[in-house]
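Okay, thanks for coming, everyone. Have a look at the model on the screen, and I'll talk through one interface.

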Amino acid sequence: MAVTYEEYQPPKQFDPVFFFQGFNKKLEATGTIDREQLSSSLAISNNDIERRIRVAKEEEPDKKRKFEIAYPALADRRGVNATPAGRSLSRKIWMDAGQDAAKWLIDQLEKEQHPEMIDGIAETLTELGSLALSAVLSKLEEESEAKSENIPLLDALSWMALKQPLQSSVKPRIESIIKRYLEFPSIDCKIAAIQLTRLLDDDAARSWIETAKQSADSDLQEEIDDLLDERFG
Amino acid sequence: MRLKQFFCPQQHVFLRIAKVKLWESNEAGDPPTAESAVAGLSLRSGEKCLSLYRLGHESEVAQLACIFSLTLRDKPDHFQYVLFPEKILSGCRVNRSIVPEHPCFLSERHFEIVEPSEEQLLQLADRILNSQEKKVGKIMKQDIVAFAVQHNMSENEELKGRIGDKWRKLIENKKARRTD
């Protein structure tokens, strides 16, 4: 009988960058880490792992604290926030945190009551653009029915279109959200849905706007006219 | 005429930026209540005063809407407001509050109700709702853009560095279509 030899695998070297990335992702996803597995596969001491767990856990509240401190400025329009350039600078913390910031802001949206703060969150999600796209879509896809509380998310999505072209896989997801919100009886949901056509190409946008026109009352018709004027002149 | 003005000093109107739906009947036809409308007067966390704009005449609303939206809103949206006469504020501590970093048109018209209590805000919402002279309005986004184009606001020295990219793009599109 022939002997089969396993392909030679060099011993795993400790790669601190890889270690930290994987480690933090696992910790973020599960809140736990398999210490024995890590210790044996990476040949590092339990003390070292303990230390790194401590550091990662310490960083998490620090990030949340930074978000909480930066949060009120989202609706502030004085001092440095009086100009678009100043507001962009103020949003740096959110841009740097990327997807974590988007998720945190979406969570805040569920609790926030103040209209200016809600607008501020939507504006920041719009600025985050592709960094927030996945989190916003996932949130909107969580529920099978339209929810008026989610209108600021549709609003934020609508204006992301101006920053970058959409991937083709995202288009059906957007159209599914438009359909769901157009079918919902609330006029605010219908308005948010037609605003979302801003993300689509001209033909698809026209098609959805035509669909919306069929059941449009005067308020929705006014929105449709405004959108048509903006897009097609 | 002068005498009339002397004895009947000009009544200013005050504008609060707030969603129209708070001040109008809902889709089911239920009239608004002070308890729900007060959301349009609520202070943000850490905010001490309620911002209002005092206008000499209702005709200033379009200009205020345009300058406010273009310079202080990054994401283009309709401008929604409630307008009410000065007398509604009787009994409130109202101060002129210049905001030097804002465009002059806004800064000069900016007033604040100083440290209003929740009860005062509820009373104010009730008085506005019951006022026959209140006006609730919405200026559509494209009307704001049209006003900006008509008054060449994107070239105005004071405003041009303050207009956000998204608004600027809408203004440029509108201008381009006019010249086509």
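**Where chain B meets chain A**

Let's start with one pair: the side chains of B:Lys138 and A:Glu223 form a salt bridge, 3.6 Å from N to O. By salt bridge I mean a side-chain nitrogen of Lys or Arg within 4 Å of a carboxyl oxygen of Asp or Glu.

Quick housekeeping. This is a predicted model, so local features need pLDDT of at least 70 and side-chain atom pairs count only at pLDDT 80 or more, while totals for chains, interfaces and linings use all residues. Residues are numbered from 1 along each chain as written, chains are lettered from A in the order written, and side-chain values use heavy atoms, with hydrogens and water left out.

H7(B) gives the largest share, five residues. By type, that side of chain B has 18 charged residues (Asp, Glu, Lys, Arg), eight nonpolar (Ala, Val, Leu, Ile, Met, Phe, Trp, Tyr, Cys, Pro) and ten polar (the others, Gly among them).

Overall, 36 residues of chain B are in contact (heavy atoms within 4.5 Å) with 36 of chain A. About 2900 Å² is buried between the two chains, with 46% from carbon and sulfur atoms; that's the accessible area (1.4 Å probe) the two parts lose on being put together, summed over both.

Notes. Helix = DSSP H or I, 4+ residues; strand = E, 2+ residues; numbered from the N terminus.
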